[in-house]
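Here are some notes to read alongside the model. Take your time, and keep the structure open as you go.

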Amino acid sequence: MSSQHDPFAAKDDERRWRALMTSAQDGDGVAYAELLSDLLPVLHRFVRRKSRNAQDADDVVQEILVSLHTVRQTYDPRRPFTPWLMTIAARRVADAARRRYARGANEIAVDVLPETFQGDETKFEQEASDVAEDLRKALAVLPQSQREAIELIKIRGLSLEEAAEATGKSIGSLKVRVHRAIKAMRQALEQKS
């Protein structure tokens, strides 16, 4: 019987995961690999149950695992592991839903993609590529602390609380770093154009 229907098995899973996570925090790579192996099917079931888009499930599970890895040192072994994990998972599912909603609001579905022609329309793809490259360059020249704040909060989508736990910095400090980073990147991009 699976642990999702058997309360005794669920308690065994909780004890096992808590012990594996505690060992992983102490640097035991084998325990960490076992933990991730145990969690993968659990997270897939959770994401498929919560997400309406099955195609994005693998990506969302990957994001959960990245978040887990990023904040693994913040787990308190005196507290239950499963609620901590499911809070992270629920936030990544919500982030994916927000991205999907935002993408849907700005995209139009077409049956056949239009061919590109010589002219201004064909420049959009190259311009988008150029902008992405400019952003990468602007991010690369930021001080390490600002780059880390941008990567955790704006790129990986961690909340301020999660990023504070991951970095050991205060939320206020992270807000200042993100603000200064965005300001510096904006100036760099304005100078470029």
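1. A word on the source. This is a predicted model, in which local features need pLDDT of at least 70 and side-chain atom pairs count only at pLDDT 80 or more, while totals for chains, interfaces and linings use all residues. Residues are numbered from 1 along each chain as its sequence is written, and side-chain values use heavy atoms, with hydrogens and water left out.

2. Start with helix H3 (residues 57-71) and helix H4 (residues 81-106), whose axes come within 9 Å and cross at roughly 130°. That angle makes H3 oblique to H4 (under 35 degrees is roughly parallel, over 145 roughly antiparallel, 65 to 115 roughly perpendicular, and the rest oblique). Helices here are DSSP runs of H or I with at least four residues, numbered from the N terminus. The axes are lines fitted to C-alpha atoms over the stretch in contact, and angles run from 0 to 180 degrees between N-to-C directions.

3. Now look at the residues where these helices meet. On the H3 side they are Val60, Glu63, Ile64, Ser67, Leu68 and Val71, and they meet Trp84, Leu85, Ile88, Ala89, Arg92, Val93, Ala96 and Arg99 in H4. Contact means heavy atoms within 4.5 Å. By class, the contact of H3 with H4 has 10 nonpolar, one polar and three charged residues (Ala, Val, Leu, Ile, Met, Phe, Trp, Tyr, Cys and Pro count as nonpolar, Asp, Glu, Lys and Arg as charged, and the others, Gly among them, as polar).

4. How many salt bridges does the structure hold? There are 12, each being a side-chain nitrogen of Lys or Arg within 4 Å of a carboxyl oxygen of Asp or Glu. One of them pairs Glu63 with Arg99, with the closest N and O atoms 2.8 Å apart. Glu63 lies in helix H3 and Arg99 in helix H4, so this pair ties together parts that are 36 residues apart in sequence. Glu63 is partly exposed at 26% relative accessibility, and Arg99 is partly exposed at 39% (buried means under 20% relative accessible area, exposed over 50%, and partly exposed in between, with a 1.4 Å probe and protein chains only).

5. Arg91 sits in helix H4 and Glu162 in helix H7 (residues 160-167), so the pair ties together parts 71 residues apart in sequence. Arg91 is partly exposed at 35%, whereas Glu162 is buried at 5%.

6. Asp95 and Arg98 also form a salt bridge, with the closest N and O atoms 2.3 Å apart. These two are three residues apart in helix H4, so about one helical turn separates them. Salt bridges that share partners join Arg91, Arg92, Asp95, Arg98 and Glu162 into one network.

7. Leu36 is in helix H2 (residues 29-50) and is partly exposed at 25%. Leaving aside neighbours within four places in sequence, Leu36 is in contact with Leu65 and Leu68. Gln146, in helix H6 (residues 144-155), is buried at 14%. Not counting residues up to four places away in sequence, Gln146 touches Arg177, Arg180 and Ala181.
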